[in-house]
Amino acid sequence: VPMLRRCVTRLRATPVAKVLPLDQHVLFHQLLGYVVLALAAAHTGAHVANFSRLAQRDGRRALADYLLVAQPGAGGLGGTAAQTGLVLQVLLATMLAFSSSCVRRSGHFEVFYWTHLSYIAVWTLLLLHGPQFWKWFVVPGSLFALEKAVGLAGRRAGGLRILEVNLLPSKVTHLVIQRPQFFHYEPGDYVYLNIPAIAACEWHPFTLSSAPEQQETLWVHIRALGQWTNKLYEFFQQPPAPSPELGRLGRSWGEKRWWHWAQVALPLSPFSQCYIDGPFGTPTRRIFTSQHAVLIGAGIGITPFASILQSIMYRYRQQKQSCPSCRPEDERDEEMTLRKVDFIWITRDQKHFEWFVSLLTRLEREQAELEPGGRFLEMHLYMTSALSKSDMKAIGLQVALDLLATKEQRDSITGLRTRTQPGRPDWDKVFGKLAEEKKGKVQVFFCGSPALAKVVRAQCEHFGFRFFKENF
């Protein structure tokens, strides 16, 4: 039930969201899994101990007979309670073993995915194991069936066309996908993506990096970290085979590192086809009801904030056009009460900035046009591979970069007006400055590695800021 994402997404828009910890639904799902495993182990252990006692008292039957041979009256369908119970234990143990983060994050997500599908076998065996189980299963089972039925109906009768593919540094694949009619989503939402040419039966969650105001297309940025994502990147690295429809123009595309399908009428094929399921909501939906929002993205964790930043500036631009003399503090739009937005992006090296540098440049330009000298949206960029300013080895380099940035009015690394800071953020100083601005209640939205999430969460607790983390 906690992983029924459509139900959770709908509940986020109701007053129930203020009572239930919907943002922690994945953690609650994991906790329930551990509870089920612990109780199942205790339940099985008690039965094994009882069978052992009966075997010793009887003397004619071994413990294996009680465990492996069906006995009338022993419970379950046809007396198979012991046998179905042992199989259930094996399935639960297998799910536990392959659900660990070391498996999912080491490039073997498919192993986790396929072993997790054994929950269907678990439910079937539970109906055989305990004849009364159906009474407990009928309500959540009906919700599950309804969720899956709606999902199958919403996956579109036909596939969606991949209009454009951009291969970015550090093995990031940027897909531009045809936006389905009547597809409505909120900034920061994610979808499940299926590309038959990569794997016909696999669906993987990815955040939409395009803004809802972008009517024609959907953007997805995917970093190659596992088997499926690596296959995706390698698949589009290969130039498409020449065909009569493409002609000379198509062959010239094969020499480049990006392909534009929108400009040529190609028939739908597994090569240019994909399916999506969603959208599904995330904690970032709360951003527009915040007063002072702090967005922290680490590496490819910028993806949900790319959508959010575009949507924020779109709404900010709409407000400015309707009331040029108003300030963000006036809170004219009930759907957007933002007074200040701080965007913090932490990345390892210079190449990663190329993922979204064009977007950040456009946001800077738009804010300069709407509010010269304004500070509604403030960006903070950190490059961790560079030596920090406090390091003696980097003093000369930093002085040179500062002089160059002052002269050119541009950062020499990204080309933005925002100065890139070397090293890692000093969170005490960063959060202390945010607290001093007094732009309203601060809410921090984070997407990135679990280790950094713990650090940021601790700082939020220290300063009294509310913390939200992206969870799929």
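I looked up residues 111-128: the end C-alpha atoms lie 27 Å apart, and the span is 89% helix and 0% strand. Helices (H or I, at least four residues) and strands (E, at least two) are DSSP runs, numbered from the N terminus. The model is predicted, so I note that local features need pLDDT of at least 70, side-chain atom pairs count only at pLDDT 80 or more, and totals for chains, interfaces and linings use all residues. Residues are numbered from 1 along each chain as its sequence is written, and side-chain values use heavy atoms, with hydrogens and water left out.

The UniProt record (unreviewed entry) annotates 31-52, 73-99, 111-128 and 293-316 as "transmembrane region"; such annotations may be inferred rather than shown by experiment. For residues 31-52 I found 100% helix and 0% strand, with the end C-alpha atoms 32 Å apart.

Next I checked helix H7 (residues 119-129). Its buried residues (under 20% relative accessible area, 1.4 Å probe, protein chains only) are Val122, Leu125 and His129. They lie on the same side of H7 because they cover an arc of only 70° around the axis, taken from the directions from the helix axis to the C-beta atoms. They pack against helix H2 (25-58) and helix H4 (81-98), with contact meaning heavy atoms within 4.5 Å.

Last, I listed the lining of the second largest pocket. Of its 37 residues, the closest to the centre are Thr9, Arg10, Arg12, Ala13 and Arg285. A pocket is an open set of points on a 1 Å grid where a 1.4 Å probe fits, with protein on both sides within 12 Å along at least five of seven lines; lining residues have an atom within 4 Å of a point.

Note on methods:
Buried < 20%, exposed > 50% of the residue type's maximum accessible area, 1.4 Å probe, protein only.
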